[in-house]
Amino acid sequence: MLELHLYGVLRQLVNGSVPTEDTILNLPYVQGESFHGLVQRLGLSMSDLGDCFVNGTLVHENTVLSDGDRIGLFPFNMVLLCGGQHLKGHGYTQSDVDVDYY
Amino acid sequence: MSRLLRIDMSSLSHKWMDVPSKYSDFAGRAFTSSVLSDEVDPTCDPLREGNKIVISPGLLAGTSAPSSGRLSIGAKSPLTGGIKESNAGGLTGTRLGQLGIRGIIIEGMPPAGTTDWYSIYISKDKCEIFKSNEWAGIGLYELIKKIWDKYPGRPGVIGCGIAGQRLHIGAGIFGNNMENSDPGRFAGRGGLGAVMGSKRIIAIISDGRGGEGPKPKDKERFDRGRKALTEALQNHPVTGRLTDDEGKPFGGLANYGTNILQNIISEAGGLPTHGFRDGRFKGAAKISGEAVHELVDKTREKFGDAAEGKYGHPCHPGCVMACSNVVPYEDTGKLQVGPLEYESAWALGANLDIDSLHDVAELNRLCNDLGLDTIETGNTLAMMMEGGLLEFGDGPGAIAALKEAYDPKSPIGRLICSGTLIAGRTLGVTRIPVVKGQALPAYDPRPIRGIGVTYATTPMGADHTAGYTIAAEILGVKGKISDPRDLKKADLSRAFQATTAYIDSVGYCLFIAFAILDNDDGFQGMVDTVNGFLGKEIDVTEYGLAVIKKEREFNRRAGFTEKDDRLPEFFRTEPLPPHNVTFDVTDEELDAVFKDL
């Protein structure tokens, strides 16, 4: 299984969710699935997302998921506060970054 | 034409002066740190006559540049023993800008044994220093109301509360918000409220009516920059407007405030929880910016126009990001505290294992009323929990303890106001999260090492705003070859610290970082506003490094050495879950940050 923790407007993916409680969606694990694949499975696109995490580490769209992963999904307007998003190279603000530090 | 105001509290006199040419490009932090460096003996006792308080609006305060009304307050810090600049929003930066005041230098102090208290009123035509004994010892909510009742014209108000008046070094300098409903615009850090108390000053009231305000030398360039920066800010999904063209939630800060970070940093495993013992807080959602947003909507629905909760609230006139908020009481809809910032919600919440939004907001309200820095106070309460005087997670117990601070005879109350280091030492705690005597804020330096380098090396004591390397460094929890941990921490921290010193000086809010780092047009817009205002070219990094150089030199003369640029031992020896990492940046790398400066 994958344990998805949803935040901001993405909480709407779970009926009856409230911001004062953890909103968790459990999904079956698919062998070899990338983060991008998971996003497609949810009916979302990468542009719907801000900074997202797998087991507390910032995720890249090509990251391959493992069974039991904890995935933190944040929407497009929820990111780490300091700018420099291009340093992450995940296409959040710039898809054609000069240097992908990721 | 900008001018200076020099106030001598020994003779209760003042004089107006032209800005000396050596300070012509300086405002905000550049001005406060330069004056302190030039005029204050670094070895002086910060709470005696030799110290000075320097107040300076940013260079662009009072202009139409977006989000540019921040205020700097500087002094030798009684908390760190070094130079300090603390920065806040509120009304005063704009009001002083409107009056064309580049800086206020307050020196001397009334003779020993004086029991009188004073306040200062500044307007277009006068500066008046007057006795205000009736304002001593009262809570700051009551004080700001009395001042606005006495002075029409919606003046800016800054000053110190009960804690500062008693010379407690956990005290910050408060400011009123734009509606004067809350004294929560704090230049909180460094114990500067105690310095103001040592001068026997309760409040400084600035009335901007009739002032002409500063004029840019190259108006065309200034306006071009202003428009570019505004556009970059408003169209960025983090700093942008509350809703998009279809009415859907857009700007992250406008919707959730700075406390948007509670969930994000917790999910990243870098949220200091239970006194820096865990990196993830189970109760984060309950005290998050999202929870505040929902509470505001709920009380609006229930109480209609009588509801006082807000999000998308500007912290100073002309701020287009509007990341401030007002937390309402759930049962009445009336204001509880405004704002509840991320740092405060962390210090008084996750840090103490308290997951009740009501209790966290109430602790923040008490800090605001007493005139205490929330970060220092939250960490001090954590020391009391570590030391066995309180239980972790006990919100009502923490509230009761903090209320003791109103009683001047309560030892517990005085301990709470005395800062993290003193409380920790007093209670036999060995895990005391301070650098240069100042408590750490809301990013654990073990998984977020770049901010740890900033905590260690900034002249300000542990301070996240001194060089905010979070985005670049949060990735450092990974462990592969392409990992940004391979980036030179020293270079990263130095670059961020220099840029920050520039932004603190020109008066912009630090959160314009999104628009200037993510958007080249936004960066050029910022530069154009500053250079258009001054009518000359200023190099961002050189300007910032020059400020830091003065600050470090002040600290060196005060007795600081490289040994002071270190984190407490437990960050090196106790791995932090969930990543189970320690702070492993070497001393050599820390010393390299400013080695050649």
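Where do Glu142(B) and Lys146(B) lie, and how many residues apart are they?

Author: Both residues belong to helix α3 (residues 140–150) of chain B, and they are four residues apart, about one turn of the helix. Helices (H or I, at least four residues) and strands (E, at least two) are DSSP runs, numbered from the N terminus. This is a predicted model, in which local features need pLDDT of at least 70 and side-chain atom pairs count only at pLDDT 80 or more, while totals for chains, interfaces and linings use all residues. Residues are numbered from 1 along each chain as its sequence is written, chains are lettered from A and ligands numbered from 1 in the order in which they are written, and side-chain values use heavy atoms, with hydrogens and water left out.

The two side chains of your question form a salt bridge, with 3.9 Å from N to O; the term denotes a side-chain nitrogen of Lys or Arg within 4 Å of a carboxyl oxygen of Asp or Glu. Relative accessible area is under 20% for a buried residue, over 50% for an exposed one and in between for a partly exposed one (1.4 Å probe, protein chains only). Glu142(B) is partly exposed, because its relative accessible area is 43%. Lys146(B), with 35%, is likewise partly exposed.

Elsewhere in chain B, salt bridges that share partners join Arg6(B), Glu39(B), Lys52(B) and Glu107(B) into one network. Lys22(B) counts as exposed because its relative accessibility is 53%, whereas Asp38(B) is partly exposed at 44%. Over all chains, the count comes to 42 salt bridges.

Over all chains, 13 aromatic pairs are found. Tyr23(B) and Phe31(B) make an edge-to-face pair, because their ring planes stand at 75° with the centres 5.6 Å apart. Rings of Phe, Tyr and Trp (its six-membered ring) pair if their centres lie within 6.5 Å, with planes under 30 degrees apart counted as stacked, over 60 as edge-to-face and the rest as tilted. Tyr23(B) is buried, with a relative accessible area of 4%, and Phe31(B) is buried at 0%. Another edge-to-face pair consists of Tyr502(B) and Tyr543(B), with 5.7 Å centre to centre and 85° between the planes. Tyr502(B) lies in helix α18 (residues 489–506) of chain B and Tyr543(B) in helix α21 (residues 540–558) of chain B, so this pair ties together parts that are 41 residues apart in sequence. Tyr502(B) and Tyr543(B) are both buried. One aromatic cluster comprises Tyr23(B), Phe26(B), Phe31(B), Tyr502(B) and Tyr543(B).

Beyond its neighbours within four places in sequence, Trp346(B) is in contact (heavy atoms within 4.5 Å) with residues including Gln262(B), Leu271(B) and Phe276(B). Gln262(B) is one of the buried residues of α8(B); in this helix (residues 261–268), eight of its eight residues are buried.

Finally, some words on confidence. Chain B has a mean pLDDT (the predictor's confidence in each residue, from 0 to 100) of 93, and 96% of its residues reach 70 or more. Over residues 473–486 of chain B, pLDDT stays under 50. Where pLDDT is low, the predicted coordinates should not be read in detail. For the complex, the predictor gives an ipTM of 0.92 and a pTM of 0.95.
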